[in-house]
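Reader: I am new to this structure and would like to learn how to read it. Could you take me through some of its features, step by step?

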Amino acid sequence: MSDNDALYDVCERTKNPEHASVDDVVELILERAQHPRTEHRDAHLDEMMATVVDRYGTDPIRTVVHRVLVDGTPFRTATHGLEMSNVDGVRVGTTAGQFLDELNAQDDD
């Protein structure tokens, strides 16, 4: 499956209030960018997002997350019209999908 075929269980897309929202995902990205986890298997995602947030700020991150998770925009083109590289769009999209899955799994517990 290519990244543009993915359907995400995000509240704005599913209308299911039990699914995490774009705001939840963005908040987690920003939290982990500010306080990267150490000794965690996904610590590289936190460090990567710290660099991306520092480089572009929060608004472009929020836009890319929404485009990827809700609109189904491919990671590499979710940066269209933004001052962000396509590679960083892939990084944000990958991290957003992973963090969304994590948030939804927490709600299942």
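Reader: Where is Glu-39 found?

Author: Welcome! One thing to keep in mind throughout is that this is a predicted model. Glu-39 sits in the loop between helix 2 and helix 3 (43-56). Its backbone is worth a look: Glu-39 has a positive phi of about 55°, although it is not a glycine.

Reader: Is Glu-39 buried or exposed?

Author: For this we look at relative accessibility, and over 50% counts as exposed. Glu-39 has 84%, so it is exposed.

Reader: Which phi does Lys-15 have, and where is its place?

Author: Lys-15 is not a glycine, yet its phi is positive, at about 65°. This residue belongs to the loop between helix 1 (11-14) and helix 2. With a relative accessible area of 65%, Lys-15 is exposed.

Reader: What phi does Gly-57 take?

Author: Gly-57, which comes just after helix 3, takes a positive phi of about 85°.

Reader: Let us turn to the helices. How does the reach of helix 2 compare with what is expected?

Author: The general idea is to take 1.5 Å a residue and compare that with the distance between the end C-alpha atoms. Helix 2 has 13 residues and reaches 18 Å from its first C-alpha to its last, close to the expected 18 Å.

Reader: What is Val-22 in contact with, leaving aside its neighbours within four places in sequence?

Author: Val-22 lies in helix 2 and is buried, with a relative accessible area of 4%. Apart from neighbours within four places in sequence, Val-22 is in contact with Val-10, Glu-12, Val-65, His-66 and Val-70.

Reader: At what angle do helix 2 and helix 4 cross?

Author: To read a helix pair, look at the angle and at how far apart the axes are. The axes of helix 2 (residues 22-34) and helix 4 (residues 58-69) come within 10 Å and cross at roughly 135°. The two helices are therefore oblique to each other, and their crossing is right-handed. On the helix 2 side, the contact is made by Val-22, Asp-23, Val-25, Val-26, Ile-29 and Leu-30. Helix 4 brings Thr-58, Ile-61, Arg-62, Val-65, His-66 and Leu-69. By kind, the residues of this contact divide into 8 nonpolar, 2 polar and 2 charged.

Reader: And at what angle do helix 2 and helix 3 pack?

Author: Helix 2 and helix 3 pack at an angle of about 95°, and their axes are 8 Å apart. These two helices are therefore roughly perpendicular to each other. Ile-29, Leu-30, Arg-32 and Ala-33 in helix 2 meet Asp-46, Met-49, Ala-50 and Val-53 in helix 3. The residues of this contact divide into 6 nonpolar, no polar and 2 charged. Notice that Ile-29 and Leu-30 are named both here and in the contact with helix 4.

Reader: What is the separation of Thr-94 and Phe-75?

Author: Thr-94 and Phe-75 are 19 residues apart along the chain, with 7.7 Å between their C-alpha atoms. Thr-94 lies in helix 5 (residues 86-108) and counts as partly exposed, at 35% relative accessibility. For another pair, take His-44 and Ser-85: they are 41 residues apart in sequence and 19 Å apart in space, C-alpha to C-alpha. His-44 belongs to helix 3 and is partly exposed, at 46% relative accessibility.

Technical notes. Residues are numbered from 1 along each chain as its sequence is written. This is a predicted model: local features need pLDDT of at least 70, side-chain atom pairs count only at pLDDT 80 or more; totals for chains, interfaces and linings use all residues. Side-chain values use heavy atoms; hydrogens and water are left out. Axes are lines fitted to C-alpha atoms, for helices over the stretch in contact, and angles run from 0 to 180 degrees between N-to-C directions. Helices (H or I, at least four residues) and strands (E, at least two) are DSSP runs, numbered from the N terminus. Angles under 35 degrees count as roughly parallel, over 145 as roughly antiparallel, 65 to 115 as roughly perpendicular and the rest as oblique. A crossing is left-handed if the near helix is turned anticlockwise from the far one by less than a right angle, and right-handed if clockwise. Contact means heavy atoms within 4.5 Å. Ala, Val, Leu, Ile, Met, Phe, Trp, Tyr, Cys and Pro count as nonpolar, Asp, Glu, Lys and Arg as charged, and the others, Gly among them, as polar. The expected span of a helix is 1.5 Å times one less than its number of residues. Buried means under 20% relative accessible area, exposed over 50%, partly exposed in between (1.4 Å probe, protein chains only).
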